[in-house]
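Here are some notes for a first look at this entry.

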Amino acid sequence: MREVAVVGIGVTEFGEKWETSFRNLFVEAGAMALEDANMSGDQIDEMFVGNMSAGRFVLQEHIGALIADYAGLVGNHIPATRTEAACASGGLAFRQAYTTVASGLNDIVIAGGVEKMTDVGGSVTTDALAGAADREWEGLVGATFPGLYAMIATDYMHRYGLTREQLAMVSVKNHANGAKNPIAQYRKEITVEDVIRSTRVADPLRLLDCSPVTDGAAAVILCPMEMARQFTDTPIRVLASAQACDTISLHDRRDISTLDATVAAGKRAYAQAGVTPKEIGMVEVHDCFTIAEICAIEDLGFCAKGEAGKLTEDGQTALGGSIPVNTSGGLKSCGHPVGATGIKQVAEIVAQLRGEAGARQVDAEIGMTHNVGGTGATVVCNILGV
Amino acid sequence: MSVPRYWRKQQNRYRLRGTHCETCGRYFFPPRNLCPTCRRDGTIVDYEFKGDGKVRTYSIIRTASEDYDLQTPFVLAVVELEEGTCLTAQVICTPEEVYIGMPVKKAFRRIIADGDAGVIVYGTKFVPA
Ligand SMILES: [Zn+2]
């Protein structure tokens, strides 16, 4: 296997982009990544695009070719593939691009993700997202996606004594980070009070525990490390890219409050990179709901089970803490265009490792990403380093 | 969702009929045609669950998708059946009543009333035991 580097990143502004179409969202991110890598589209050998549900959100399938076409990449007839694992679709695109370059199959590969979620009404969005879990045996009895994570929260709070306030602090911290991120959907700080007084969605989760509905796209360009300096002075090494799966339904899990796929993907990634959680300087975790960040911090080994609430309350996951979590603002504040999230996480870590993260800058040499599909049926973890 | 899709699993939904692996003794609901432990060595037979269990975790759903919107708020739970199998189901009780460990039993109930001309979907919910 060859050493692989990220040499270009591009992320659109996240938000309700009513003026921008699905395809143009991706074109914008792709163009930024190429520009960043001082590269022309002709140099791209292959493309992977993460997308969860264009079929439901914009009634469009066949995303690989469509995106390649409008990104001006069909001249060379490159292979263009859509990857899908619900909210981990972007993570899959990155891992596919990584394995393609690492194996020597192709040299310069673009990994992207895109989702256009605001063209349909709220109930369609809720229903489409419920397809990330088991439609037949969870959705059909009335389970919503927030409802499933709420059941994790109920179990977790009962067993480990996590308080409602500690849960809110996850959201408060992520908004504080997002306020410093120029592409974030919600660039404003919120308080614990705001969270615990927001609309009830699925007890114990409230509106400000939930990531929003977002339009956005992200793209990164990978190539062999030995070629990387042709394109950039600051190539970032991909030290690991690992994926794991678990039961589609929450009710079939060994433990409701532990995402075994996170544990498995994390362990694989640490082994590949030859590092331990202690050596990770910052991490972008999949905080689709506040409780998801609490579980992720523990399942990735940054603290023992049951201690992430305390870690958050003590400010250890904030900028300047011992393990800054979601410096981008996370899914909560930066936004969650589902197919794009896994790629945006990588772009944030790359920006951090290059020292280009502005007011969010963390001084670290190794960073990690954690991208979850559904309630934990698919997880992708990547580790990047200078 | 399409009518055939409801109909196909009707008996499973109505009577809490799942499957049982005679080789290793595991019970499955939703039904599985392949035992994840024994795989091709497993012998799978139909099994109707007794329907007694307890609430393992729950949430009160306040915002639901369109089909369930009129029912909010409702109690959604992971119920652990006596046979050791867990499933997701609604529990018919007030939000204040439900707690982790609450004993429940199966009940045949309407799941969705799809307007005047549409299908009414029935299935299994749980009530306090
Ligand atoms: Zn068996």
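1. Between domain 1 of chain A and domain 2 of chain A, 11 residue pairs are in polar contact, with both residues at pLDDT 80 or more. The structure is a predicted model, and the values below should be read with that in mind. On the domain 1 side of chain A, the elements that each supply at least two residues touching domain 2 of chain A are β1 (4–11), α4 (89–103), β4 (109–115) and β7 (216–224). Of that side, α4(A) gives the largest share, with 8 residues.

2. Salt bridges between domain 1 of chain A and domain 2 of chain A number 2. In chain A, D36(A) and R354(A) form a salt bridge, and their closest N and O atoms lie 2.8 Å apart.

3. The domain assignment divides chain A into domain 1 (4–121 + 214–235) and domain 2 (137–210 + 237–385). The contact involves 45 residues of domain 1 of chain A and 36 residues of domain 2 of chain A. Taken over C-alpha atoms, the centres of the two domains of chain A are 23 Å apart.

4. How much area do domain 1 of chain A and domain 2 of chain A bury between them? The figure is about 3000 Å², of which 66% is on carbon and sulfur atoms.

5. Helix α14 of chain A covers residues 338–354, 17 residues in total. From first C-alpha to last it reaches 25 Å, close to the 24 Å expected at 1.5 Å a residue. The helix α14(A) is mostly covered, with 17 of its 17 residues buried. Just after α14(A) comes G355(A), which has a positive phi of about 80 degrees.

Note on methods. Residues are numbered from 1 along each chain as its sequence is written. Chains are lettered from A and ligands numbered from 1 in the order in which they are written. This is a predicted model: local features need pLDDT of at least 70, side-chain atom pairs count only at pLDDT 80 or more; totals for chains, interfaces and linings use all residues. Side-chain values use heavy atoms; hydrogens and water are left out. Helices (H or I, at least four residues) and strands (E, at least two) are DSSP runs, numbered from the N terminus. The expected span of a helix is 1.5 Å times one less than its number of residues. Buried means under 20% relative accessible area, exposed over 50%, partly exposed in between (1.4 Å probe, protein chains only). Domain bounds come from an automatic or database domain assignment. Contact means heavy atoms within 4.5 Å. Buried area is the accessible area (1.4 Å probe) that two parts lose on being put together, summed over both. A salt bridge is a side-chain nitrogen of Lys or Arg within 4 Å of a carboxyl oxygen of Asp or Glu. A polar contact is a pair of N or O atoms within 3.5 Å; within protein, one must be able to donate a hydrogen and the other to accept it, and residues adjacent in sequence count only if both atoms are side-chain atoms.
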